[in-house]
Amino acid sequence: MLRSLWLDDDDGGRLTGPGPQRAAAARVGTPSVEIVGAGVTGLSCALTLAEAGIAVRVHDARGVAGGASGRNAGFALRGTALAYDEARDALGPQAARELWALSEVALLRLAALAGDAFRPEGSLRLAVDAAERVRIRAEYEALAADGFAAEWREPPVGGCGGRFHGALFHPNDGAIHPLRWIGRLANVARAAGAEIVEGSRVGSLADLAAAHVVVATDGLGAGLLPALDAVIVPARGQVIATAPVQPHTVVCPHYAREGFDYWQQLPDGRLVVGGCRDTDPTREATRDDGVTPQIQSRLEELAAAVLGAPPLITHRWSGSWGETPDRLPLVGPVAEAVAGRSGVWIAAGYSGHGNVLGLACGDLIARGILGEAASVLAPFDPARRFDGAAAPL
Ligand SMILES: Cc1cc2nc3c(=O)[nH]c(=O)nc-3n(C[C@H](O)[C@H](O)[C@H](O)COP(=O)(O)OP(=O)(O)OC[C@H]3O[C@@H](n4cnc5c(N)ncnc54)[C@H](O)[C@@H]3O)c2cc1C
């Protein structure tokens, strides 16, 4: 049972299996760029580079979508891990606006690439009490003031016996089938000429001979950039899925309690529920792919609350992402003093919000390698976490 629901829906591996190949030349000798990680970030980077005619090789210790990209609960959300008003306070209005707009463009690109692996349903951020209502209302007002799509919903909203105190509906968000989406992205990257080597663990960046190396490991890259291990720490998310349930009452991805509880109902009626990691945060600071009785029972309670009765649980699984102190990813070039070699780039540490942002950041890293400047990435500059001697700040 410790297996993701998405794996059972992968058409026997057809979607994540090898796709069409074009650049056989990239398979011999040293490519121009080597990428560590075949999740959404690494594959997005590989796609942009391959489309520009650059020889690129992606290494993954597991395989395509073996990390968080294939194990999450399928929420495709705009923005960063900070709510829009929090981003405005932390980064200033212009940077927050630019990042939000970047994620909106990435979401459109995701929808175009993913086909029916994306469902444009919107998403609902729900308030469990009056205090959370105030915080969510602040995000709604900030988005509306800056002209971004956002709708306020008064109770009753979100089901669960009317326990929610209001909600922010994000009309442009949606749901993905993670494995199908990433499988398609991998196949598009392969078709453009990228080489993807599965079962290829990179022990040290010094082992890679390419002029440019991209670390696209979110929360799973411990040891690759030792100076970063204290900055990007792992956080595990546990998930359950139920047998199909009717009626279909959950019409889009829902999340509440500052994102600690989240659930969506698939078109066939199955409910996917994740979160509750705040029940045991110390033990959940791990890259281990296990589950624990304590959090699983909380997820079962949440599923029962959503559906009004305890459902049959068919799948249990987990995955880990990378958390940073300011909840923003590290995206950009890494100083040689930190990386131990030249030509190293990173895009990691999305703090649980990398499904759409990872697509954008992988593409922007590729553009950086191609010599295009991207000022929108300034708030994500890895240098913000280091002093000149490569010590974490
Ligand atoms: C349960 C759960 C719920 C989530 N919910 C959301 C959400 O609601 N919204 C959202 O936007 N995001 C969410 N996320 C986060 C999101 O899934 C990730 O941020 C995103 O998928 C990161 O993609 P990535 O490509 O950067 O990293 P990953 O998909 O983690 O890929 C990294 C890859 O690097 C490989 N790797 C690591 N080290 C090495 C090495 N030394 N050598 C070779 N390969 C290596 C791994 O095998 C892995 O395949 C969630 C994640 C989980 C697990």
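Predicted model: local features only at pLDDT ≥ 70, side-chain atom pairs only at ≥ 80, totals over all residues.
Angles under 35 degrees count as roughly parallel, over 145 as roughly antiparallel, 65 to 115 as roughly perpendicular and the rest as oblique. Residues are numbered from 1 along each chain as its sequence is written.

The predictor's confidence in each residue is expressed as pLDDT, from 0 to 100. Its mean over the protein is 93, and 93% of the residues reach 70 or more. Over residues 17–26, however, pLDDT stays under 50. For that stretch the model has 18 contacts beyond four places in sequence, a contact being two residues whose C-beta atoms, placed from the backbone, lie within 7 Å.

Helices (H or I, at least four residues) and strands (E, at least two) are DSSP runs, numbered from the N terminus. Two strands pair if DSSP finds at least two bridges between them. On this basis, 6 strands form an open sheet in the order β9-β2-β1-β10-β17-β16, with mixed pairing. At its edges stand β9 (195–198) and β16, each of which pairs on one side only. From one strand to the next the twist averages 20 degrees. Strand β2 (residues 56–60) and β9 run parallel and are joined by 4 bridges; in this pairing Arg 57 stands opposite Glu 195 in β9.

Two helices pack on this sheet. Helix α2 touches β1, β2, β10 and β17, and its direction makes about 165 degrees with that of β2. Helix α9 touches β1, β10, β16 and β17, and its direction makes about 165 degrees with that of β17. Such angles run from 0 to 180 degrees between N-to-C directions, and axes are lines fitted to C-alpha atoms, for helices over the stretch in contact.

Helix α9 (residues 357–369) has 13 residues; at 1.5 Å a residue they should span 18 Å, and the end C-alpha atoms are 18 Å apart, which agrees. The expected span is 1.5 Å times one less than the number of residues. Of these 13 residues, 12 are buried, a residue being buried if 20 or more other C-beta atoms lie within 10 Å of its own, exposed if 12 or fewer, and partly exposed in between, with C-beta atoms placed from the backbone. The buried residues pack against β1 (33–36), α2 (40–51), α4 (93–114), β10 (212–215), β16 (330–333) and β17 (344–348). After α9 comes Gly 371, whose phi is positive, near 95 degrees. Glu 372 also lies in the segment after α9, and this residue is exposed, with 9 other C-beta atoms within 10 Å.

Another element to follow is strand β11 (residues 233–242). Because 9 of its 10 residues are buried, β11 is largely enclosed by the rest of the structure. It pairs with strand β15 (residues 313–323) in the antiparallel sense over 10 bridges, and Ile 240 stands opposite Arg 316 in β15. Strand β14 (residues 271–275) also runs antiparallel to β11, joined by 3 bridges; there, Ala 241 has Val 272 as its bridge partner.

Finally, helix α3 (residues 84–91) and helix α5 (residues 130–145) pack at an angle of about 70 degrees, with their axes 7 Å apart. The two helices α3 and α5 are therefore roughly perpendicular to each other. Tyr 84, Asp 85 and Arg 88 of α3 make the contact with Ala 138, Glu 139, Ala 142 and Leu 143 of α5.
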